[in-house]
Amino acid sequence: MEPRLTGIDRQEALRYLGVRGDRPPADVAASLDKWEAALLKTARPRAVWRLFDLMPDGTLAGTTFRPAGEDIRRHLTGCDRVVLMAATLGAEADVLLRRTQVEDMAQAVILDAAAGAAVENVCDDLCAGLAAELAPAFLTGRFSPGYGDMPLEQQGEMCRVLDTARRIGVGLTPGGLMTPMKSVTALIGVSDTPREEGGGGCKNCAQYENCGIRKAGGSCGR
Amino acid sequence: MEDKFIILDGAMGTMLQAAGLPVGQSPEVWNATDPEKVAAVHRQYVDAGTRLVCSNTFGANRHKLAGCGYSPAELIAAGIQLAKKAVGPGVKVALDVGPIGQLLAPLGTLSFEEAYDIFQEMVTAGEAAGADLVFFETMSDLYELKAGVLAAKENTRLPVWASMTFEASGRTFLGTTVPAMALTLGGLGVDAMGFNCSLGPEELMPLVEELARWTDKPIILKPNAGLPDPATGKYHTTAIDFAKAMAPAAELGVGAVGGCCGTTPDFIRAVTDVFKDKTPAVRSKADRRGVCSAARTVELDGVRVIGERINPTGKKRFQQALREGDMDYIMARAVEQQDAGADILDVNVGLPGLDEPAMMAKVVRAVQSVSDLPVQIDSSDPAAVEAGLRAVNGRAIVNSVNGERAVLDAILPLCKKYGAAVVGLTMDKNGIPPTAEGRFAIAERILDAALGYGIPKEDVYIDCLTLTVSAQQDQAAETLKAVRMVREKLGLHTVLGVSNISFGLPAREHVTVSFLTQALAAGLDLPILNPNQAAVMDAVAAYQVLSGEDKDSAAYIERFAAAQETKMVSAPEADMTLDTAIAKGMKAETAALTEKALDAMGEMDVVNTLLIPALDKVGDRYERGEIFLPQLINAANAACEGFEAVKKRIARRGGEAVSRGKIVLATVQGDIHDIGKNIVRVVLENYGYTVIDLGRDVAPETVVEAAIREDVRLVGLSALMTTTVPAMEKTIRALRASGHDCKVMVGGAVLTEEYAMAIGADYYSRDAKQSADIARLVLG
């Protein structure tokens with residue numbers, strides 16, 4: 001299961017850009033096409049995942065990592081295993097973004113949104129692969145530190161458990177932020193029976209208060 | 001190395017975990033608490049055949065050990081001593097040094113100097129404890145490794161080995177290529193280099209083959225036990241299979257073999273069996289050479305263009321950027337030249353009154369943060385040359401020395417130490433010889449001096465010097481003749497700044513291009529020129545076809561196929577207004593229309609009745625959701641051209657520069673996501689404000705200091721993540737405590753109006769547009 005970037009979801013990128021309505025300006029749409037092509041060429045998508053048994057106290061077996069918060073607990077209800085994953089577009093995407101910022105900030109904004117959608121695409125592709133790999137078990141959606149009440153700080157613990165620095169080149173700054181910037185960590189619950197998603201929609205999101213998508217009457221779908 | 005393979009050890013961390021070390025705990029702590037268990041692992045490897053063990057000090061740096069209760073020096077001393085005791089005589093102990101665990105700027109926040117300092121602490125402790133050599137392992141950042149190698153070479157007498165971790169693509173996670181590793185580490189004078197971790201022996205073998213063509217140094221090979229099972233992280237390759245897969249290395253120039261993740265004493269025993277009766281192959285000399293950044297290598301096997309635009313000489317705007325520390329302007333010059341086809345970037349920051357060494361380091365880093373072209377350090381000040389050579393990532397060129405002994409003795413040792421190539425100007429204290437023969441004689445002298453310092457012939461490039469043809473007409477032919485002589489008789493690469501030839505003449509381009517073409521024919525392969533001049537680059541492209549370098553004219557065809565597409569630019573409409581031009585983000589039109597308006601109105605009237613209202617209309621449309629952020633920025637960029645036209649007009653009549661006020665912007669400490677802040681900067685600048693951009697990961701005291709020094713009334717702070725908002729609050733508190741009277745606006749994805757007020761900000765800025773509104777409120 002090689003990590004892949006297959007393309008970017010235009011709607012998702014447009015949401016990141018704050019573009020409302022279903023018809024984006026033609027120049028923005030054209031730029032998204034251009035940056036999708038650039039990312040397909042430049043980015044070096046990488047991912048690492050591991051499957052853990054979920055202990056009764058919520059700890060991942062064989063580690064000291066215990067996802068914190070009510071929301072992740074609810075998300076994993078009924079699951080006896082958890083996949084821990086991390087994915088990145090690699091350092092090249094950061095360089096491209098930095099470079100574009102000095103050339104043309106308007107294009108950099110569009111690239112930033114495209115890169116955000118691209119790393120989600122890598123995650124989606126990995127999850128589809130995981131679903132096949134772990135079948136007939138059922139997988140929940142992805143849940144990342146920073147969603148709901150799961151503290152962003154746990155990103156660091158997840159990176160350590162997955163040894164992301166060695167495996168995919170994802171490190172942490174002293175402030176606990178991931179480098180390269182276009183990187184994602186997530187948890188996925190695994191169970192033998194299908195179950196209702198316990199995500200709880202917008203209300204549980206840390207961004208609830210100031211989410212532009214919600215204010216505009218939409219949802220990011222998580 | 002020797003006539004036998006040096007057998008290295010295998011994994012340490014996993015062996016200790018098998019002995020009971022909890023996952024997540026620093027293995028190095030056991031050097032102090034459970035030395036016997038660590039020693040037992042060393043002994044098992046020695047019993048299996050290892051003749052050089054790596055101490056259990058991979059992560060013994062102050063960053064990774066923070067909070068463990070031991071200092072790096074304590075755990076390194078304990079680790080080396082226990083290893084020496086465990087292995088006994090005849091087996092060497094290497095101080096093992098892994099990555100710091102934090103990325104260096106620009107990707108991360110660690111500075112090169114801090115990295116050097118962290119490594120210095122480790123290597124001095126290792127030497128004091130009796131290590132036989134320093135072994136850097138598992139590195140993926142060439143720049144971090146350079147800091148380590150310099151720390152080891154400048155602070156110890158120990159041999160230095162360096163090994164990096166590559167993916168099957170032939171790059172490290174951070175993009176370093178095999179040639180770049182070979183050229184850079186070879187230049188820095190490591191004693192051996194190679195590969196460890198990440199892949200199994202089969203996957204690493206092609207990389208070993210490639211490395212052998214780029215370096216004559218002994219090669220180290222320590223692969224993983226194949227690839228791990230993703231679900232469990234465990235390795236399944238057997239010791240026998242591993243050793244079998246290692247066998248081809250014997251023929252490829254490898255001198256030291258061992259294992260990394262997933263390998264055990266059984267693996268090393270099997271490897272020992274395979275290699276004990278073999279002798280390392282006699283290698284043919286490395287046949288490839290060039291200069292490089294970490295990610296890109298430029299071989300000198302054809303015409304390679306050196307871009308000359310990062311240079312303040314005669315350029316007012318560039319001088320202003322240097323004086324103001326405006327790196328964005330300089331970085332844009334780098335990107336522009338790369339896009340225009342430059343292969344190497346010359347960096348010159350010489351400006352009276354400026355701290356040239358400090359500026360050289362700063363500019364080299366800024367340039368390399370946006371361009372992967374190799375760099376040419378252009379200065380005659382040895383301190384600036386050294387600052388540039390230290391700061392550069394990769395293998396650079398130094399521009400320049402000349403035939404004067406004092407100059408040669410000051411600069412050549414630096415080139416040798418950092419492994420740089422050097423440009424020699426064919427002049428000396430008597431000036432530039434008028435004849436080709438005179439210049440050739442100096443070239444010979446420079447080559448001799450370089451060889452004397454141990455710089456190989458291939459790394460000496462000669463500049464036969466272009467003189468202005470309108471002033472010294474007979475000299476053009478002498479220069480061309482000298483180029484041919486140096487090329488043919490000395491076999492050296494030649495450099496030539498060509499633009500100077502046409503100085504003082506009308507229609508300069510014709511003369512420049514003609515001279516360039518003749519010089520290329522005479523053997524010039526490193527022209528220094530302005531790649532933004534299409535005619536000059538066209539001439540290079542044409543030459544590369546004629547010389548056969550551009551196989552099947554492929555690059556030439558591509559160049560002109562692309563050029564035709566971009567020719568379709570519509571003519572500006574005659575009745576266009578400034579409003580429309582700005583709204584559509586049309587820069588040239590905005591500048592032209594502003595010029596026109598300035599002929600009829602005063603400068604401030606143009607600003608207040610035309611430019612600002614036009615921007616306001618765009619802002620209103622943005623707020624109504626009719627246009628979006630990219631278009632807002634485009635409009636602001638266009639308006640900036642209008643403001644520039646106004647500034648130029650004022651400057652022409654010697655008036656005061658217009659600024660609507662100064663604003664300090666910073667992304668707070670701990671936060672590296674700075675695109676939001678950068679957007680705000682662009683918009684504010686284009687609304688006519690002067691922005692002092694402190695960058696990202698900015699300490700509270702730096703913000704306070706800048707606010708006071710620049711006496712600003714408005715400070716803008718950005719934080720993207722929940723985890724970095726506390727640093728924002730701290731910065732606001734520090735500003736208040738300083739007593740400096742200023743307003744603070746804050747923004748960032750996780751902030752809300754309420755949250756902003758709670759942490760003591762005066763304004764919450766939802767987006768870039770609102771930050772401009774706030775600026776107007778505070779500064780007018």
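Visitor: Where in chain B is the place of B:T468?

Guide: A word first: this is a predicted model. B:T468 is in a loop of chain B. On one side of that loop is β16 (460–463), and on the other is α17 (475–490). B:T468 counts as buried, because its relative accessibility is 15% and the cut-off for buried is under 20%. Its contacts reach along the chain. Neighbours within four places in sequence aside, B:T468 is in contact with B:N500, B:I501 and B:F503.

Now to the nonpolar interior. In soluble globular proteins, nonpolar side chains tend to be buried together. The largest nonpolar core here has 175 residues. B:F136, B:F195 and B:V363 have the most contacts inside this core. Two domains of chain B give residues to the core: domain 1 (6–275) and domain 2 (290–565). The core therefore lies between them. Take B:V363 as an example. Not counting residues up to four places away in sequence, B:V363 touches B:I310, B:L322, B:M327, B:I330, B:V347 and B:V349.

Next, the two chains together. On the chain A side, 48 residues are in contact with 59 residues of chain B. The two chains bury about 4,300 Å² between them. Carbon and sulfur atoms account for 61% of that area. In chain A, the residues that lose the most area to chain B are A:R99, A:V102 and A:R166. Together they make up 16% of what that side buries.

Charges and polar groups also meet there. Between chain A and chain B the count is 3 salt bridges. A:R46 and B:E167 meet through their side chains in a salt bridge, at 2.7 Å from N to O. Across the interface, 11 residue pairs are in polar contact. Several elements of chain A each supply at least two residues to the side that touches chain B. These are α2 (26–42), β1 (46–53), α4 (91–103), α5 (105–134), α7 (164–167) and β5 (178–179). α4(A) gives the most to that side, with 10 residues.

Over all chains, the structure holds 61 salt bridges. In chain A, A:R73 forms one with A:E70, and their closest N and O atoms are 2.8 Å apart. Both residues lie in helix α3 (residues 70–75) of chain A. They are 3 residues apart, about one turn of the helix. A:E70 counts as partly exposed, at 38% relative accessibility.

In chain B, B:R304 forms a salt bridge with B:D301. The closest N and O atoms of this pair are 2.6 Å apart. B:R304 is buried, with a relative accessible area of 14%, whereas B:D301 counts as exposed at 53% relative accessibility.

B:R709 counts as partly exposed at 49% relative accessibility, and B:E710 counts as partly exposed at 22%. There is also a network: salt bridges that share partners join B:E623, B:R766, B:D767, B:K769 and B:D773.

Technical notes. Residues numbered from 1 in each chain as written. Chains lettered and ligands numbered in written order. Predicted model: local features only at pLDDT ≥ 70, side-chain atom pairs only at ≥ 80, totals over all residues. Heavy atoms only, no water. Helix = DSSP H or I, 4+ residues; strand = E, 2+ residues; numbered from the N terminus. Buried < 20%, exposed > 50% of the residue type's maximum accessible area, 1.4 Å probe, protein only. Contact = heavy atoms within 4.5 Å. Core = buried A, V, L, I, M, F, W, Y, C linked by side-chain atoms within 4.5 Å. Domains from an automatic or database assignment. Buried area = accessible area lost by both parts, 1.4 Å probe. Salt bridge = Lys/Arg side-chain N within 4 Å of Asp/Glu carboxyl O. Polar contact = N/O pair within 3.5 Å; in protein donor to acceptor, adjacent residues only side chain to side chain.
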